[in-house]
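Subject: Structure handover

Hello,

Here is the structure for you to look through. My notes on what was found in it follow below.

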Amino acid sequence: MRTERLDLLPINPEHAEEMAAALADPDLYTFTGGGPATADALRARYARLAAGSPDPAEAWGNWVLRLRADGRLTGYVQATIGPDAAEIAWVLGTPWQGRGLATEAARALLDHLRASGVTTVLAHVHPDHRASAAVARALGLRPTDERQDGEVRWRSAPRS
C-alpha cells in the first residue's frame with residue numbers, strides 16, 4: 001500500500017532492528033503499558049505475525065510505515081480480520097507524531113479493508129489518548145459504551 005507520504009510494507013523480521021529504534025521512546029507506552037522491545041524480541045514477534053494467524057477464522061495484516069521523504073521506518077498499522085469485523089491499530093514513533101502520518105496510514109489500511117469486503121471496523125483507544133481518538137474520529141469511527149482492558153471500543157458504521 002502507498003499513501004501520499006508513506007509506503008506500507010508487509011511486516012517481516014528484517015524490520016526489527018530499525019523498528020526497535022523507531023519505537024524506543026518509553027513515553028510511547030504511556031497509554032498502552034509495557035515498554036520498548038528489543039530488536040530480538042521484535043524479530044521473534046514479527047516472524048509470528050508474518051506467519052499469519054493460527055486461527056483459520058481470523059486473518060492478520062501487519063504493515064510497517066516507511067516515510068518516503070527520508071526512507072526511515074516510523075511505526076506500523078495492523079488489522080485482525082474476523083468473520084464479522086476487523087480490529088485495527090496504529091502506532092507511530094514519537095519523533096513522527098503530530099504530522100498526520102498516523103491518520104494517513106490508518107486511512108490507507110481502512111481503505112484496503114473496505115476494498116477487501118470488510119464492513120465493520122473496530123479500534124480500541126485509551127480514554128485519555130486524545131491523539132488516537134482524533135485518528136479514530138478522522139476514520140469515521142465513533143466511540144461506543146463498550147470497554148476492553150480499560151480502553152474505549154470505537155466502531156465504524158456497518159456498510160453494505
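Predicted model: local features only at pLDDT ≥ 70, side-chain atom pairs only at ≥ 80, totals over all residues.

Start with helix H2, residues 39–51. At 1.5 Å a residue, the 13 residues of H2 should span 18 Å, and the C-alpha atoms at its ends are 18 Å apart, so the two values agree.

Which residues of H2 are buried? They are Ala39, Leu42, Tyr46 and Leu49. These four cover an arc of only 80° around the axis, and therefore they sit on the same side of H2. That buried side packs against helix H1 (16–22) and strand S2. The face turned away from it carries the exposed residues Asp40, Arg48 and Ala51. Just after H2 comes Gly52, with a positive phi of about 95°.

In soluble globular proteins, nonpolar side chains tend to be buried together. The largest nonpolar core here has 32 residues, and Val77, Ile88, Trp90, Leu139 and Trp154 touch the most other members. Several elements each supply at least two residues of this core, including strand S3 (72–81), strand S4 (86–92), helix H3 (101–115) and helix H4 (130–138). The largest share, 8 residues, comes from H3.

Apart from this core lies another, of 14 residues, with Ala16, Tyr29, Ala39 and Tyr76 among them. Ala39 is also one of the buried residues of H2.

Regards

Note on methods. Residues numbered from 1 in each chain as written. Heavy atoms only, no water. Core = buried A, V, L, I, M, F, W, Y, C linked by side-chain atoms within 4.5 Å. Buried < 20%, exposed > 50% of the residue type's maximum accessible area, 1.4 Å probe, protein only. Expected span 1.5 Å × (residues − 1). Arc of directions from axis to C-beta. Contact = heavy atoms within 4.5 Å.
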